[in-house]
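Colleague: Hey, can you walk me through this one? I've never looked at it before.

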Amino acid sequence: SVHGLQWNSRGKRSPYYWLSRFAASRIDRFISISNGVARFFVASGMVAKEKINTIYHGTTVDDIHLVQRQKADPDFVVIGRLVGFKGHRYALEAMTILAKKYPQVQLHFYGVGPEEENLRQMTAALELEANVIFHGFVENLKERLPDHSIALMPSIGEPFGLVFFDAFKAGLPVVAFDL
């Protein structure tokens, strides 16, 4: 596959690799949420194939409820830790284009993390303060999702996170990079 998690030997330079490999050498079983994740850990040499079991995320198509929305302006939501590889900056860059056509458009960030101050500064530099809302960490996120129109997943390093399922369950279309 050309998409998703792929092992690249440059990963051996990462402290995460060595820490993961050390931890994996001391486990009896490794539980993966997908075959893709399992293949990644085997290809990296971190976990032996015979130590991996896959238990898929428990979401079915029946859990997804389509909702008809009647909003004049689109309303976007990005869910996740505010870290670089989640691609929040790309959502902000897209907002500069959208806000010209839809002045009332809003982008809602749910999450906290080390990139928050940089994202707030970028929001101000792009003059998007009226369009971008930082909610921080919220306990009732799944209850808030149906209030939005479209979920954005601008991650450049996570091909399919659990937030996709949360957005689908809330009936939101999802826009994401082809990872």
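This is a predicted model: local features need pLDDT of at least 70, side-chain atom pairs count only at pLDDT 80 or more; totals for chains, interfaces and linings use all residues.

Colleague: How many helices and strands does the protein have?

Modeller: Six helices and seven strands. Those are DSSP runs, numbered from the N terminus: helices are H or I with at least four residues, strands are E with at least two. From the N terminus on, the order reads α-β-α-β-β-α-β-α-β-α-β-α-β.

Colleague: Which strands form the open sheet, and in what order?

Modeller: Five of them, in the order β5-β4-β3-β6-β7, with parallel pairing. Two strands count as paired if DSSP finds at least two bridges between them. β5 (132–136) and β7 (174–176) are at the edges with a single partner strand each, so one side of each has no neighbour in the sheet. On average, neighbouring strands here are turned by 25° against each other, direction ignored. Axes are lines fitted to C-alpha atoms, for helices over the stretch in contact, and angles run from 0 to 180 degrees between N-to-C directions.

Colleague: What holds strands together in general?

Modeller: Strands of a sheet pair through backbone hydrogen bonds, parallel or antiparallel. Here, β6 (residues 150–153) and β7 pair in the parallel sense over three bridges, and L152 has V175 in β7 as its bridge partner.

Colleague: Which strands does helix α3 touch?

Modeller: Helix α3 (residues 88–101) packs on the sheet and touches β3 (75–79), β4 (106–110), β5 and β6. Its direction makes about 165° with that of β4. Contact means heavy atoms within 4.5 Å.

Colleague: And the largest nonpolar core, which residues touch the most other members?

Modeller: F76, L92, L107, F109, V132 and L152, out of 16 residues in that core. A nonpolar core is a set of buried Ala, Val, Leu, Ile, Met, Phe, Trp, Tyr and Cys residues joined through side-chain atoms within 4.5 Å. Buried means under 20% relative accessible area, exposed over 50%, partly exposed in between (1.4 Å probe, protein chains only). Two or more residues each come from β3, α3, β4, β5 and β6, and α3 gives the largest share, four residues. Apart from this core lies another, of 13 residues, including L141, L145, F164 and L172.

Colleague: Changing topic: how many salt bridges does the structure hold?

Modeller: Two, each being a side-chain nitrogen of Lys or Arg within 4 Å of a carboxyl oxygen of Asp or Glu. E116 pairs with R120, their closest N and O atoms 3.0 Å apart. Both are in helix α4 (residues 116–125), four residues apart, so about one helical turn separates them. The other is D166 with K142, at 3.7 Å between the closest N and O atoms. D166 is in helix α6 (residues 162–169) and K142 in helix α5 (residues 141–144), so this pair ties together parts 24 residues apart in sequence.

Colleague: Is D166 buried or exposed?

Modeller: D166 counts as buried at 18% relative accessibility, while K142 counts as exposed at 58%.

Colleague: Last one: where is S44?

Modeller: S44 is in the loop between α2 (35–43) and β2 (52–54). S44 is buried, with a relative accessible area of 3%. Leaving out residues up to four places away in sequence, S44 touches W7 and Y17.

Note on methods:
Residues are numbered from 1 along each chain as its sequence is written. Side-chain values use heavy atoms; hydrogens and water are left out.
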